[in-house]
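Please look through the chain and its ligand before reading on.

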Amino acid sequence: MDRKTFYITTPIYYPSDKLHIGHSYTTVAADAMARYKRLRGYDVMFLTGTDEHGQKIQRVAEEKGITPKEHVDEIVEGIKKLWKLMDITNDSFIRTTDNFHKEAVQKIFKKLYDQGDIYKSEYEGWYCTPCESFWTKTQLEDGKCPDCKRTVELTKEESYFFKLSKYQDRLIKYIEQNPEFIQPNSRQNEMINNFLRPGLEDLCVSRTTFNWGIPVSFDDKHVVYVWIDALSNYITALGFMSEEQVAYSKYWPADVQLVGKEIVRFHTIIWPAMLMALGQPLPKQVFGHGWLLLEGGKMSKSKGNVIDPVILVEKYGLDSIRYFLLREVPFGSDGVFSNEALINRINSDLANDLGNLVSRTVAMIEKYFAGTIPSQKQSGEFDEQLKQIVMDTPKKVEELLDKLQFSTALTEIWKAISRTNKYIDETMPWELSKDEANNERLAAVMYNLAESIRIISILIQPFMPKTPIEIWRQFGLNDESTTSWKSAKSWGVYPQGTIVKKGETLFPRIDIKKEMEELCKITATEEEKKTSKSSCKEIKEEKEQITIEDFAKIDLRVAKVIEAQKVEKADKLLKLKLEVGEEIRQVVAGIAKNYSPEEIIGKYVILVANLKPVTLRGIESQGMVLAASNDKELVVATVDKMIESGTKVK
Ligand code: MSP
């Protein structure tokens with residue numbers, strides 16, 4: 001039987017030598033999806049490429065004094081290299097300057113002309129060159145492009161038009177009858193209410209004022225409008241309109257076309273109308289994802305934030321970057337990118353949760369069982385809970401990934417990781433190891449940990465290409481039966497007797513303060529470099545998370561201040577006498593600059609009652625009074641309502 005196919009596309013990119021991390025977003029998401037479908041046994045076609053024609057490219061090339069083709073050739077090489085660096089597994093890469101594409105677009109244009117869907121007339125209106133978009137006067141906002149807010153140009157030229165208006169009713173009907181066609185749903189409403197219902201005008205589909213484009217075959221004064229040229233790539237790449245249509249018959253219609261939200265309009269109005277006119281089926285889904293923004297706006301060079309994907313991958317590793325892109329923001333919504341958020345995620349999710357789990361487990365198996373995975377015979381408390389959560393994860397991940405919910409899929413995997421970490425705390429292998437009699441139980445705990453990690457390592461494959469391989473190396477897993485997607489759905493697959501071996505730390509912890517200072521230097525302006533002044537914000541280091549048991553170690557009590565006096569020759573210190581229930585305590589507090597003795601007497605404060613006593617200025621301090629402070633102020637923490645002194649605070 002033939003395998004089921006899965007065809008996924010990204011938009012084709014404008015050749016720019018400044019691709020930032022936001023651009024990688026669509027491609028990384030599409031790649032995760034392609035990998036996932038391959039793992040599930042699909043015959044996948046994943047297409048990306050470059051959109052190389054248009055007025056903008058021609059202008060830039062002219063400024064550089066080279067031909068447009070020379071200009072794009074150089075940049076496209078860089079883009080291909082970037083995708084290689086990001087381990088993008090596209091099956092095909094299309095350039096709109098490829099001859100087969102140009103010929104197919106000419107045939108598409110001619111067919112639409114011959115059947116009367118394209119006609120000749122005159123265009124008068126507004127054109128936004130950076131967006132390569134036509135606008136009517138009423139669509140402009142303050143006379144500017146409503147998308148990018150830049151200046152538009154008045155154009156008047158003889159043009160060919162596509163009868164877009166003819167397809168308006170069919171499009172509305174199609175969208176309404178196929179709720180999966182435009183996703184997320186919010187984008188569907190936007191298209192219907194903002195564009196389709198107000199009415200579509202015929203679309204100008206040729207230009208005569210420049211020539212960097214595909215010539216109209218029967219009227220070569222005209223070049224084909226770039227969006228008609230670009231959108232066609234999704235089918236010309238499969239051989240549509242060529243003699244070799246095998247791939248087209250196999251993969252079209254696309255299962256999902258990923259696009260950023262600003263180009264949903266082109267993909268859910270112009271593109272389906274073109275396909276309807278060509279008598280071809282529409283893609284099953286167009287998914288409009290949100291943007292990655294920097295705090296305060298669009299992605300561009302900014303202080304303290306490195307957005308160059310090459311630098312980011314070099315600094316933090318590919319898997320960390322891919323994880324962050326897919327984990328941080330729910331796919332479909334806008335999100336904020338910052339290096340600080342990235343480093344915090346690396347430290348907490350990757351170094352702490354996943355990295356530690358792997359290294360602790362390998363170290364314990366080496367220590368207690370000389371590196372050999374033992375048997376799982378003796379089941380015990382907590383085993384069932386662990387198994388249940390881990391075993392439920394593959395199904396949840398599949399359901400979420402089928403809906404392109406990358407972030408929630410990762411959250412589910414991380415729940416399994418946290419549960420496994422908790423299992424170590426619960427079973428306390430270091431305690432079990434103290435008594436020979438517990439050996440079988442200890443063996444079972446080690447087995448369960450290894451098995452859980454095996455399953456997790458399989459599930460992270462779509463997102464992280466390198467980490468699973470390293471985990472498998474450390475855990476001695478090297479064949480299909482233990483690493484296939486299917487094998488993640490069974491418990492107890494890990495072969496007993498497998499040798500584990502400690503390897504490199506998967507995700508080294510990053511010193512965030514130091515790192516942010518370094519990033520700040522990288523992004524400093526020339527002026528700042530000269531004056532060594534920097535305006536990067538100060539980073540507060542995030543403290544490591546603690547458990548409730550850790551917190552319970554601190555004995556906090558309500559205490560009443562019954563006496564207070566200044567400490568001689570120490571202008572910051574007050575010596576306090578505190579009533580803590582039946583007991584009286586003496587505490588030295590650094591609050592003298594903010595409180596006079598009279599002010600503090602009578603207050604009910606919070607005392608850290610089990611802090612080891614210290615001697616300050618020759619006076620013993622038996623605990624510490626809590627206060628909130630920053631550079632400017634200090635206020636003592638008190639209770640909101642009267643309560644007896646000595647009461648526990650928790
Ligand atoms: N050439 C057109 C697409 C034609 S498809 C027939 C184009 N190219 S682009 O290079 O400007 O954008 C490519 C993709 O990158 C788009 O999906 C766009 O939304 C995405 N992104 C560019 N900047 C982005 C962010 N800051 N965040 C997320 N995605 C962003 O549009």
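## Report on the predicted model

With a relative accessibility of 56%, Ile546 counts as exposed (buried means under 20% relative accessible area, exposed over 50%, and partly exposed in between, with a 1.4 Å probe and protein chains only). This is a predicted model, in which local features need pLDDT of at least 70 and side-chain atom pairs count only at pLDDT 80 or more, while totals for chains, interfaces and linings use all residues. Residues are numbered from 1 along each chain as its sequence is written, and side-chain values use heavy atoms, with hydrogens and water left out.

Ile546 is located in the loop between α21 (526-531) and α22 (548-552). Helices (H or I, at least four residues) and strands (E, at least two) are DSSP runs, numbered from the N terminus. Together with Ile548, Phe551 and Ile554, Ile546 forms a nonpolar surface patch of about 390 Å² accessible area. Patches are made of residues with over 30% relative accessible area and no salt bridge; like charges are joined within 9 Å, and nonpolar side chains (Val, Leu, Ile, Met, Phe, Trp, Tyr) within 5 Å. Accessible areas come from the Shrake-Rupley method with a 1.4 Å probe, and for residues only the protein chains shown count as cover.

### The chain and helix α1

The chain has 23 helices and 24 strands. Its C-alpha atoms fill a box of roughly 100 × 65 × 50 Å along the principal axes. Of its 650 residues, 52% count as buried.

Helix α1 covers residues 21-39, and its 19 residues should span 27 Å at 1.5 Å a residue; the end C-alpha atoms are 26 Å apart, which agrees. The expected span is 1.5 Å times one less than the number of residues. Of the 19 residues of α1, 16 are buried, so the helix is largely enclosed by the rest of the structure. Gly41 follows α1 and has a positive phi, near 95 degrees.

### The ligand

Which residues are closest to the ligand? Of the 23 residues that surround the ligand, the closest are Ile12, Asp51, Gly260, Glu262 and Leu292 (a residue is near a molecule or strand if one of its heavy atoms lies within 4 Å of it).

Ile12 has a backbone N or O atom 2.8 Å from a nitrogen atom of the ligand. For Leu292, a backbone N or O atom also lies 2.8 Å from a ligand nitrogen atom. Asp51 places a polar side-chain atom 2.7 Å from a nitrogen atom of the ligand. A polar contact is a pair of N or O atoms within 3.5 Å; within protein, one must be able to donate a hydrogen and the other to accept it, and residues adjacent in sequence count only if both atoms are side-chain atoms.

The ligand taken alone exposes 670 Å², of which the protein buries 92%. Two or more residues of the shell come from each of α1, α7 (226-231) and β11 (256-260). Helix α1 gives the most, with 4 residues.

### Salt bridges

Side chains of opposite charge can pair when their charged atoms come close. A salt bridge is a side-chain nitrogen of Lys or Arg within 4 Å of a carboxyl oxygen of Asp or Glu. By this rule the count is 44.

| Salt bridge | N to O distance |
|---|---|
| Arg40 and Asp402 | 3.8 Å |
| Lys250 and Asp43 | 2.8 Å |
| Arg59 and Glu153 | 3.4 Å |

Arg59 is in helix α2 (residues 55-64) and Glu153 in strand β6 (residues 153-162), so this pair ties together parts 94 residues apart in sequence. A network of salt bridges that share partners joins Asp31, Arg35, Asp87, Arg322 and Lys466.

Lys250 is partly exposed at 40% relative accessibility, whereas Asp43 is buried, with a relative accessible area of 14%.

### Backbone features

The peptide bond from Gln183 to Pro184 is cis, with omega near -10 degrees. Pro184 lies in the loop between β7 (182-183) and α6 (185-196). Another cis peptide bond runs from Trp252 to Pro253, with omega near 5 degrees.

Met241 is not a glycine, yet its phi is positive, near 70 degrees. With 18% relative accessibility, Met241 counts as buried. Arg617, also not a glycine, has a positive phi of about 50 degrees. Its relative accessibility of 57% makes Arg617 exposed.
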